[in-house]
Amino acid sequence: MPKKENDVIFSDLRPRLTRLAYRMLGSVADAEDIVQDAWLRCLNHDGEVREPAAFLHTIVTRLCVNELKSARRRRETYIGPWLPEPFFDPESDDTTEEITLPLMMALERLTPLERAAFLLHDVFGVGFDEVSQILGRDTSACRKLASRARIHIRDARPRFCATKGQGLKLAAAFYAASRTGDMEALRNLLTEDVVIYTDGGGKVAAPTSPSIGIDAALKLFGALARYFARAPSRLLRYAMIDGLPGFVTVEDDGIAQTSAILVSENRIAAIYVTRNPEKLHHLTRSDLH
């Protein structure tokens, strides 16, 4: 196949392959590296690649499975809550995103093969016969992998989903209340069992365990409000982050962070704050302006 035609095929497939790799790994940088590596392997493959799309899906998935085995060991020693790197998927701007941040966290409980089978079939619509070829397992085994995955993550599937507009409106109300220390407004915005996850990765100041319950949340935001009074946040924009409404800020220490909220019956059931600078490098390219 001529090089120009190959380049067009890869250009068309790249966004889909990157989304697949990101959902497998939870890392934007690693996903981009995997996709580029797969493309180079495709170009250097001996013999003709008759179905580039199938070939690239296979290589990307297998590289991700290998990467997950080493990533899992690294995450066992991770300091504090682990959150996936914030990902701003253009396809989620006007549609409900099936893979939300809580589901990404739930995927961490799966084996690499369960994760691959579930994502390929349930999210990307790949038939089990093709999943079988990609994973090198028979079709019935792939069906069982996906079935086990669904059982493990069923509680993390989105319920009571707000529309994008409703979610961003709630995110704006939360931003205002949390920065001004309006405890009454916060109490009305949060569920009684709200959970706050903050990922600093041991690199920057951040709680090393989740804050659980509205009393713990209000205590935390009360302390933060006193800090924000001296060192205000700079709001960059509201956005959909891994399928959840939220916002991007730069704090007084110069560190960018993302905050995403899980909405349940028009209240905030969970808050996910990513502060680890190693997970925010890609934001400087596209999201900090």
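Predicted model: local features only at pLDDT ≥ 70, side-chain atom pairs only at ≥ 80, totals over all residues.
Trainee: Why is S259 called buried?

Mentor: Buried means under 20% relative accessible area. S259 has 2% relative accessibility, so S259 counts as buried. This residue is found in strand β5, which spans residues 256-264.

Trainee: What makes I241 and Y272 contacts of S259?

Mentor: Contact means heavy atoms within 4.5 Å. Leaving aside neighbours within four places in sequence, S259 is in contact with I241, P245, G246, F247, Y272 and V273.

Trainee: What makes a set of residues a nonpolar core?

Mentor: Its members are buried residues of listed types, such as Leu, Val and Met, joined through side-chain atoms within 4.5 Å. The largest such core here has 46 residues, of which M24, L56, V60 and L135 touch the most other members. Helices α1 (3-25), α2 (28-43), α3 (52-75), α4 (101-107), α5 (112-123), α6 (128-135) and α7 (139-153) each supply at least two residues of this core. Another core, of 20 residues, lies apart from it and includes L189, I196, I214 and I261.

Trainee: Which residues does L135 touch, not counting those up to four places away in sequence?

Mentor: L135 touches T61, L113, A116, A117, C142 and L145.

Trainee: What share of the protein's residues counts as buried, and how many helices and strands are there?

Mentor: Of the 289 residues, 51% count as buried. The protein has 11 helices and six strands.

Trainee: What share of contacts between residues at least 6 apart in sequence joins residues at least 24 apart?

Mentor: That share is 65% in this protein.

Terms used. Residues numbered from 1 in each chain as written. Heavy atoms only, no water. Helix = DSSP H or I, 4+ residues; strand = E, 2+ residues; numbered from the N terminus. Buried < 20%, exposed > 50% of the residue type's maximum accessible area, 1.4 Å probe, protein only.
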